[in-house]
Amino acid sequence: MAWIDYQKAFDKVSHSWIIKSLELIWINNKVIAFTKKAMAYWRTRMRLHAENELIETEDIKIQCGIFQGESLSPLLFCICLIPLTEQMNRLNTGYEQHVTKTKISRLLYMDDLKLIAKSDGELRKQIQIVKKFSDDIHMDIGLEKCATITFKKGKLIHSQNLVTDINRHIQELEQGKTYKYLGTEESEGIQQQQMKERLKQEYRRR
């Protein structure tokens, strides 16, 4: 498995790619036109409270990225990643689900991505697809925050750091360490005891 970390994903998604993604999935032209026009009006200002004086900038146009905390942006972000899921499906890697025979190659929730493969070779192909797609739409993968882990017959084994391209690799998760995915500590499974302790501490803090 590999956990992939996007650097400031919401801030990096390109406005032109948002529009292209809407066109690729045949969204109604009026909706596309509305989205394009709305994004053209996206502005912000910076304010500085200096002593008894308020200094404010002129309008700053937002030319890249989407908002957090409102209803449209998460949907736009998910639509932007649909082509990635299509490419991963065509790759035909991952583990086959016993009943439906569907291959599961990833778990993806917003910008939190976990890749699942049957071998290092498969995992390398998956990461190359993710890396190329991300480069094409100008989204950055924070390799220093990514990690891989390898199991053989259900047991955790040591493996080499996974090379993505020249002089760049993803570190193997250290023995005894965990990776936080969707707020859950994981390694060879969900670390139930660690999660309980963390929840207790957070409960007491609040």
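Of the 206 residues in this protein, 35% are buried, where buried means under 20% relative accessible area, exposed means over 50% and partly exposed is in between (1.4 Å probe, protein chains only). This is a predicted model, so local features need pLDDT of at least 70 and side-chain atom pairs count only at pLDDT 80 or more, while totals for chains, interfaces and linings use all residues. Residues are numbered from 1 along each chain as its sequence is written, and side-chain values use heavy atoms, with hydrogens and water left out.

**Overall picture**

- The protein has seven helices and 16 strands; these are DSSP runs numbered from the N terminus, with helices being H or I of at least four residues and strands being E of at least two.
- Its C-alpha atoms fill a box of roughly 60 × 50 × 40 Å along the principal axes.
- Take the contacts (heavy atoms within 4.5 Å) between residues at least 6 apart in sequence: 57% of them join residues at least 24 apart.

**Cores and helix α4**

- Nonpolar side chains tend to be buried together in soluble globular proteins.
- The largest nonpolar core here has 36 residues, and I4, I18, F77, L115 and V130 touch the most other members. A core is a set of buried Ala, Val, Leu, Ile, Met, Phe, Trp, Tyr and Cys residues joined through side-chain atoms within 4.5 Å.
- At least two residues of this core come from each of β1 (2–5), α1, α2, α3, α4, α5, β9 (112–115) and α6.
- Apart from it sits another core of six residues, including W3, A147, I149 and L173.
- Leaving out neighbours within four places in sequence, V130 is in contact with I4, Y6, L84, M88, L113, L115 and I141.
- Helix α4 (residues 72–80) has S73, L76, F77, I79 and C80 buried. Looking down the α4 axis, these buried residues fall within an arc of 160°, so they line one face of the helix; the arc is that of the directions from the helix axis to the C-beta atoms.
- The cover over the buried residues of α4 includes α1 (9–12), α2 (15–24), α3 (29–40), α5 (82–91) and α6 (120–136).

**Strand residue L108**

- L108 belongs to strand β8 (residues 106–109) and is partly exposed, at 32% relative accessibility.
- Beyond its neighbours within four places in sequence, L108 contacts L81, T85, L113 and Y181.
- L108 and I4 are 104 residues apart along the chain, with 9.9 Å between their C-alpha atoms.

**Loop residues**

- Most residues other than glycine have a negative phi.
- E51 is not a glycine, yet its phi is positive, at about 55°. E51 sits in the loop between β3 (47–50) and β4 (53–56) and is exposed, at 83% relative accessibility.
- N92, also not a glycine, has a positive phi near 60°. N92 is in the loop between α5 and β6 (95–96) and is partly exposed, with a relative accessible area of 48%.
- T102 is in the loop between β6 and β7 (103–104), and its C-alpha is 9.7 Å from that of N92, 10 residues away in sequence.
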